[in-house]
Amino acid sequence: MTKASESDDIYWMQRALALAESVLYTTAPNPRVGCVIVRDGRVLGEGATQPPGGPHAEVCALRDAEGRQESVEGATLYVTLEPCSHFGRTPPCVDAVLAARPARVVVAIGDPNPLVNGQGLARLRAAGIEVTTGVCAPEALALNAGFISRMSRGLPWVWMKMAASLDGRSALHNGLSQWITGPEARADGHRWRARSCVVLTGMGTILKDDPQLNVRSVETPRQPRKAVVDGRFEIPEDARLFDGAEVIVFTAREDAAKSERLAQQNARAVYLPGNAPDRVDLPAMMRWFAQEQFNEVHVEAGAGLSGALVSAGCVDELLLYLAPVLLGDAAGMVRLPMLTHLDGAQRYEFIDTSAVGQDLRLRARVAENWRQLMQRVALPALS
C-alpha cells in the first residue's frame with residue numbers, strides 16, 4: 001500500500017463527507033456518517049449510514065467492496081465518525097472493520113456517546129491497525145452538531161430561522177410578513193427544516209399564520225415533527241398543523257380532556273410549567289427534546305418566543321435571511337430586554353454568508369457552544 005499524503009487524506013475524507021451529506025434527512029436519531037475504502041488511489045467500496053435499523057456507513061462500504069469482489073485487507077478506510085463499538089439496533093461496526101483487516105483507518109471526529117467514546121479506536125489500535133484522527137473535523141462536526149450536542153451536553157443543537165429587511169424588520173405592525181424574502185430563500189429555509197428533527201414555533205405564529213410547519217419546497221423522504229410552545233394551552237384544535245403527523249404541544253396548563261382530544265389527532269401535550277404563570281420552562285423543553293432523541297431543533301417563531309429562547313440560552317445558531325428592502329417602522333425579529341451596558345449583549349460569530357436568489361443568508365453561532373462540541377469530538381492524534 002502506498003503511503004497516503006495529508007492532501008490525499010483530505011481528498012478522500014471530503015468524499016466520505018459528501019456521502020454523509022447525501023443522507024442528511026434520513027438517519028436521525030443516528031448520526032450522518034460516510035465511509036470510503038481506498039487502495040492506491042482507487043475506491044474499493046463506499047457507503048453511508050442507512051435509516052434507523054439499517055446498516056451503518058462502514059458496513060455499507062464493506063458490503064459495496066464485497067459486491068465489487070474487492071478485498072479490503074491492507075487498504076485504508078476513511079470514515080467521518082469513530083466506528084461504534086457497542087450493540088444497538090445493529091452489531092458494532094468496529095467488529096466488521098476488524099474482520100476486514102484494513103491496514104489503516106482515518107477518522108474525522110470521535111463519538112462522545114458513552115458506549116463508544118474512544119473504545120472503537122482503541123480496539124483498532126490494539127489489533128495493530130494504524131489510526132489517524134482529526135481529518136476534516138470541523139466539517140464532520142457541522143454535519144452532526146445535533147447528535148454530538150445530544151450525546152455530550154444532553155441538549156439538541158438549536159438554530160433559529162428568521163427573515164428580515166435590511167433594517168432588521170420581520171413584519172408590518174398589522175402582522176403582514178409574507179413574503180419579505182424571495183422564493184429561493186424560502187426554499188432554502190425548507191431545506192433546513194428538512195434536516196431538523198422538529199420544527200418549533202409559538203402560539204402567536206399559530207394564531208396569526210395558521211402554518212402547516214411541514215417541508216414542501218424540497219424533496220424529503222421524512223418530515224420533521226412539529227412542536228408548539230403554548231403556555232395557556234389555547235391551541236385551536238382545528239389548526240392546520242394537525243394533519244395526522246406527530247405534533248408536540250408544550251404547555252404550562254393541564255387540561256386532561258383537551259389532551260385526550262389532541263391525542264386522537266396524533267398530538268402529545270407535554271406539561272412543563274416555568275417560574276412565571278402560563279410560561280413554559282424553555283430549558284427543560286430542550287432537555288426533553290434530547291431525552292426523546294431529537295438531535296436538531298429548527299425554530300421559526302415570532303419576536304416574543306424568539307427573544308425568550310435567546311434569553312434562556314436555548315439558541316446555538318442563527319439562520320437569517322436578509323431581503324434588499326427597507327420596511328421602516330415595523331416589527332423587529334427578536335424581543336429582548338432593554339440593555340444599559342453592551343456587556344449584556346447576546347454575541348455570535350459569523351460562520352457563513354451566502355447569496356440565495358436576491359436575498360442574503362447569514363449564519364452565526366454561539367462561539368463557546370461550538371468550541372465545547374469541538375473539544376468533545378477531538379481524538380488523540382496517535383498513529
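Trainee: Buried means under 20% relative accessible area, exposed means over 50%, and partly exposed lies in between. Where does Asp95 fall in this model, buried, exposed or partly exposed?

Mentor: The model is a predicted one. In it, Asp95 counts as partly exposed, because its relative accessibility is 32%.

Trainee: And which residue forms a salt bridge with Asp95?

Mentor: That partner is Arg123, and the closest N and O atoms of the two are 2.8 Å apart. The pair links distant parts of the chain, with Arg123 in helix α4 (residues 119-126) and Asp95 in helix α3 (residues 93-100), 28 residues apart. Arg123 is also partly exposed, as its relative accessible area is 35%.

Trainee: How many salt bridges does the count come to?

Mentor: The count comes to 26 salt bridges.

Trainee: Let us take another. What meets the side chain of Glu46 in a salt bridge?

Mentor: The side chain of Arg15 does, at 2.9 Å from N to O. Here too distant parts of the chain are linked: Glu46 belongs to strand β2 (residues 42-48) and Arg15 to helix α1 (residues 6-21), 31 residues apart.

Trainee: Why is Glu46 partly exposed and not buried?

Mentor: Its relative accessible area is 21%, and buried requires a value under 20%, so Glu46 is classed as partly exposed. Arg15 is likewise partly exposed, at 32% relative accessibility.

Trainee: What about Lys161, which residue forms a salt bridge with it?

Mentor: Glu300 does, and the closest N and O atoms are 4.0 Å apart. This pair links distant parts of the chain, 139 residues apart: Lys161 is in strand β6 (residues 157-165), while Glu300 is in the loop between β12 (296-299) and α11 (303-311).

Trainee: Are Lys161 and Glu300 buried or exposed?

Mentor: Both Lys161 and Glu300 are buried.

Trainee: Changing topic to networks: which residues do salt bridges that share partners join into one network?

Mentor: Salt bridges with shared partners connect Asp188, Arg191, Asp352 and Arg361 in one network.

Trainee: Where does Asp188 lie?

Mentor: Asp188 is part of helix α7, which covers residues 183-195. It is buried, because its relative accessible area is 8%.

Trainee: What is Asp188 in contact with, leaving aside its neighbours within four places in sequence?

Mentor: With those neighbours set aside, Asp188 is in contact with Tyr321, Val356 and Arg361. The side chains of Asp188 and Arg361 are also joined by a polar contact of 2.9 Å.

Notes: Residues are numbered from 1 along each chain as its sequence is written. This is a predicted model: local features need pLDDT of at least 70, side-chain atom pairs count only at pLDDT 80 or more; totals for chains, interfaces and linings use all residues. Side-chain values use heavy atoms; hydrogens and water are left out. Helices (H or I, at least four residues) and strands (E, at least two) are DSSP runs, numbered from the N terminus. Buried means under 20% relative accessible area, exposed over 50%, partly exposed in between (1.4 Å probe, protein chains only). A polar contact is a pair of N or O atoms within 3.5 Å; within protein, one must be able to donate a hydrogen and the other to accept it, and residues adjacent in sequence count only if both atoms are side-chain atoms. Contact means heavy atoms within 4.5 Å.
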